[in-house]
Amino acid sequence: MLDEGRLPTLASLFEGGVSGDLDSQIPPWTPSAWPSLYTGVNPGKHGVYDFLRFDGYDWGLVDRTDVREHAIWELLDQRGLTSVVVNVPVTGPPRPFDGALVPGYVSPEEPTCHPEGLLDDLRDALGEYAIYAPAHAKGDEKIEWYERLTEMRGAAFRHLARKYDPHFGFLQFQQTDTVFHEQPENDEAVRRVFEAVDDEIARTLDECDPDTVIVASDHGIGPYAGPEFRVNTFLDEESFVQTTTGEGGMPTWGELARDGNDSPSLTRRIVQGASALGFTSQRIGRILGALRLDGFVLDHVSKETVHAATERVDFPVSTAYMRSRTELGVRINKAGREPNGVVSPSEYPSVRDDLIAALEAVRTPDGEPVFSAVVPREEVYHGPYLEEAPDIVVLPAEFDVYLSASLRDEQFGPPSEPWNHKPTGIVSMTGTGVDPDAPLGRPHLFDVAPTVLSAMGVPPSDRMDGETLEPVSSVPPIEYAPFSARDIDRADTEEVRARLSGLGYLEGDR
């Protein structure tokens, strides 16, 4: 699109300064990567590894209360500088600072903004403001919603910039990610999204006239040509995972879409009874498929009913398991840490070594390694929240093998999604203080925050894992006050769970 002249504003930014690849972090997924970008620290220091937070075998969706490090705008606040932040993921509910913040992805449709009443102000000024497209939107209407949401972001940012006259602005567009999850082969949809983003950037630059502009993505995205590898199915066959069906076991993490009726229906009770005899929904599905009745059943039986007969990981009695595919890791059920841990601390090192060896040895049906790396978590993360990371980090080969935490009859199958995240994004810098002739090197996601601060003449935090990129003059880091969490209520996340499940981030039982 750049070569075709479709994105003139982005082209001018990339060509007028310095640009190149931006290495993402592990895992390269929104809920962990954006906090790493806006704090400059690895997940071991900010504490978010996935869409889900875990408390023993219980779980919930992450939000800003789980990110335990200062954001860029909070450090600027300590230096007397004002910020406007619009649509950045995992920023709600916001902590107080001098400026305005409208949360983005993983917040509910009616997010808590800063300051209080800001959302009503936006809607009064703009006519509408939404975080997500309505669930019923399909086809061309969905593409129109991509464009509308993109336009809302730019309009909201410009409105708040006029009102607050900030020193720093952070504007994020999520639809460039969403379109590839939902319509990756629809060239028109992709084109319209990126052209809408380019238009909004143009309007914003024209009105706000910033001194320095940094464009960054938290990850890349692309097609997955390899197979899907079901990690928990493999662990089951290797006797690390124990399974259960029906009532009594821990629910699948992806059991998010319920039919709204908590009382078990007759159909559900029948299916549960069948599961007690070994007829899981996977096996029933094969029978129905052979009889060509699977489409009828899927149209007339609720997801909750299907889940009642779905084989699932019995977490409290398993040795190890994958909690969530986007966490990119395996968790060991360690005694003294997990509520019903079965692996003693003395056994833990040998169990982990055995798991690493088993996972390293896995080959695809074509004989290729499933993983490019299987390593202990301390080789990837460091910091006070290391214990919250999966014990073993697994990297799919070239990010071309789609990992799944769901249990199936077979270890391998076709990818559940044809496109998904890749570990290389992009960055560009242009404007005051940016030397376009300086080497960019190999920038990392962690480098964005210290580079932003140095570009503004503000010292980065000495806790940051990244460094100021060479095209910007580095300001020596200093020690900031330790992060102190504030008592902010968590957001209502039921609707967000359904949206994440719909995008394939949180797995249900397909």
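**Terms and their grounds**

Guide: In helix α1 (residues 8–16), the buried residues are Thr-9, Leu-10, Ala-11, Leu-13 and Phe-14. The model is a predicted one.

Visitor: What covers the buried residues of α1?

Guide: The cover includes β1 (18–23), α8, β7 (212–216) and β19 (424–431). Across the chain, buried residues make up 56% of the 510 residues.

Visitor: What makes Arg-53 and Asp-63 a salt bridge?

Guide: The criterion is a side-chain nitrogen of Lys or Arg within 4 Å of a carboxyl oxygen of Asp or Glu. The closest N and O atoms of Arg-53 and Asp-63 are 3.9 Å apart, so the pair meets it. Arg-53 belongs to strand β2 (residues 52–55), while Asp-63 lies in the loop between β3 (58–61) and α4 (72–78), so the bridge ties together parts that are 10 residues apart in sequence.

Visitor: Why is Asp-63 called buried, and why is Arg-53 called partly exposed?

Guide: Buried means under 20% relative accessible area, exposed means over 50%, and partly exposed lies in between. Asp-63 has 3% and is therefore buried. Arg-53 has 21%, so it is partly exposed.

Visitor: How do you know that Arg-123 and Glu-110 form a salt bridge?

Guide: Their closest N and O atoms are 2.8 Å apart, which is within 4 Å, so the term applies. Arg-123 is in helix α5 (residues 118–126) and Glu-110 is in the loop between β5 (99–102) and α5, so this pair links parts 13 residues apart in sequence. Arg-123, at 22%, is partly exposed, whereas Glu-110, at 52%, is exposed.

Visitor: Which salt bridges join into one network?

Guide: Those of Arg-331, Arg-337, Glu-338, Arg-377, Glu-387 and Asp-391 do, through shared partners. The whole structure holds 33 salt bridges. One of them joins the side chains of Arg-230 and Glu-228 at 2.9 Å, N to O, and both of these residues are buried.

Visitor: Why is helix α7 called roughly antiparallel to helix α8?

Guide: The axes of α7 (residues 175–182) and α8 (residues 187–208) cross at roughly 175° and come within 9 Å. Angles over 145 degrees count as roughly antiparallel, so the description holds.

Visitor: Which residues make the contact of α7 with α8, and how many of them are charged?

Guide: Gln-175, Thr-176, Val-179 and Phe-180 of α7 meet Ala-189, Val-190, Val-193, Phe-194 and Val-197 of α8. By class, 7 are nonpolar, 2 are polar and none is charged.

Visitor: Where are the cis peptide bonds of Pro-27 and Pro-115?

Guide: Ile-26 and Pro-27 are joined by a cis bond with omega about 0°, and Pro-27 is in the loop between β1 and α2 (30–39). The bond from His-114 to Pro-115 is also cis, with omega near -5°, and Pro-115 lies in the loop between β5 and α5.

Conventions: Residues are numbered from 1 along each chain as its sequence is written. This is a predicted model: local features need pLDDT of at least 70, side-chain atom pairs count only at pLDDT 80 or more; totals for chains, interfaces and linings use all residues. Side-chain values use heavy atoms; hydrogens and water are left out. Buried means under 20% relative accessible area, exposed over 50%, partly exposed in between (1.4 Å probe, protein chains only). Helices (H or I, at least four residues) and strands (E, at least two) are DSSP runs, numbered from the N terminus. Axes are lines fitted to C-alpha atoms, for helices over the stretch in contact, and angles run from 0 to 180 degrees between N-to-C directions. Angles under 35 degrees count as roughly parallel, over 145 as roughly antiparallel, 65 to 115 as roughly perpendicular and the rest as oblique. Contact means heavy atoms within 4.5 Å. Ala, Val, Leu, Ile, Met, Phe, Trp, Tyr, Cys and Pro count as nonpolar, Asp, Glu, Lys and Arg as charged, and the others, Gly among them, as polar.
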